[in-house]
Amino acid sequence: MMANPSEVKVLVVCLGNICRSPMGEAVLRHVAKQRGLDIEVDSCGTAGYHVGDPPDYRTVAVCQKHDVPISCAGRKIASTDFTRFTHILAADESNLRELTRVKPKGTTADVRLWGSYLDDKPIPDPYYGEMRGFDAVYRQCVLLSNAFLDEVFGKSGE
């Protein structure tokens with residue numbers, strides 16, 4: 001049975017919440033809207049390095065290049081996120097381990113590696129690299145967004 005879009009709330013998580021997770025948030029929301037799905041999507045980091053900061057300028061540039069709206073401020077994971085969101089998607093294994101470590105007992109969110117919906121591959125951190133790394137993250141976020149939405153709502157066009 002397919003999920004009701006109004007009940008699906010997704011949190012995309014990386015380390016600092018300025019590169020991968022803000023891009024993932026923006027791309028997932030955009031792909032969902034293209035499919036006619038209005039789901040809640042947010043992002044955060046497992047570390048509080050960039051609380052209140054805008055996304056990295058390269059993340060913003062890549063999203064703008066693909067006409068994907070992006071607007072968020074960095075924040076750190078909160079214990080309430082584990083009940084507020086139905087799905088928490090980790091960018092990589094390190095963040096998945098940290099999410100699993102801090103997840104309060106009895107909470108309801110499905111915490112998984114985002115890549116587990118497609119190929120079990122992590123999203124590499126592009127922060128210390130060149131622009132092409134951000135382009136690669138964008139392409140991966142599009143694939144992962146479609147794979148996630150396919151699993152939760154059924155394949156597009158079904």
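**Helix packing and local backbone features**

The axes of α1 and α5 come within 9 Å and cross at roughly 45 degrees. The classes of angle are roughly parallel (under 35 degrees), roughly antiparallel (over 145), roughly perpendicular (65 to 115) and oblique (the rest). Axes are lines fitted to C-alpha atoms, for helices over the stretch in contact, and angles run from 0 to 180 degrees between N-to-C directions. Helices (H or I, at least four residues) and strands (E, at least two) are DSSP runs, numbered from the N terminus. The model is predicted: local features need pLDDT of at least 70, side-chain atom pairs count only at pLDDT 80 or more, and totals for chains, interfaces and linings use all residues. Residues are numbered from 1 along each chain as its sequence is written, and side-chain values use heavy atoms, with hydrogens and water left out.

The crossing of α1 and α5 is right-handed. A crossing is right-handed if the near helix is turned clockwise from the far one by less than a right angle, and left-handed if anticlockwise. On the α1 side, the contact (heavy atoms within 4.5 Å) involves R20, M23, G24, V27, L28, V31 and A32. These meet F134, V137, Y138, C141, V142, S145, N146, F148 and L149 of α5. The contact of α1 with α5 holds twelve nonpolar, three polar and one charged residue. Here Ala, Val, Leu, Ile, Met, Phe, Trp, Tyr, Cys and Pro count as nonpolar, Asp, Glu, Lys and Arg as charged, and the others, Gly among them, as polar.

Helix α1 covers residues 20-34. Its 15 residues should span 21 Å at 1.5 Å a residue, and the end C-alpha atoms are 21 Å apart, which agrees. The expected span is 1.5 Å times one less than the number of residues. Eleven of the 15 residues are buried, so α1 is largely enclosed by the rest of the structure. Buried means under 20% relative accessible area, exposed over 50%, and partly exposed in between (1.4 Å probe, protein chains only). The buried set is R20, S21, P22, M23, G24, E25, A26, V27, L28, V31 and A32. Their cover includes β1 (9-14), β2 (40-45), α2, β3 (87-90), α4 (93-102) and α5. Just after α1, G36 takes a positive phi of about 80 degrees.

Helix α5 (residues 131-153) also packs with α2 (residues 57-65), at an angle of about 55 degrees and with axes 10 Å apart. The two helices are therefore oblique to each other. Their crossing is right-handed. R58, T59, A61, V62 and K65 of α2 contact M131, F134, D135 and Y138 of α5. This contact divides into five nonpolar, one polar and three charged residues.

Two further residues have positive phi. Most residues other than glycine have a negative phi. N17, in the loop between β1 and α1, has phi near 65 degrees. At 1% relative accessibility, N17 counts as buried. D67, in the loop between α2 and α3 (81-84), has phi near 55 degrees. D67 is exposed, with a relative accessible area of 64%.

In strand β3 lies I88. I88 is buried, at 0% relative accessible area. Beyond its neighbours within four places in sequence, I88 contacts L11, V13, D81, F82, L99, A109, D110, V111 and R112. I88 and A109 are 21 residues apart in sequence, yet 6.4 Å apart in space, C-alpha to C-alpha.
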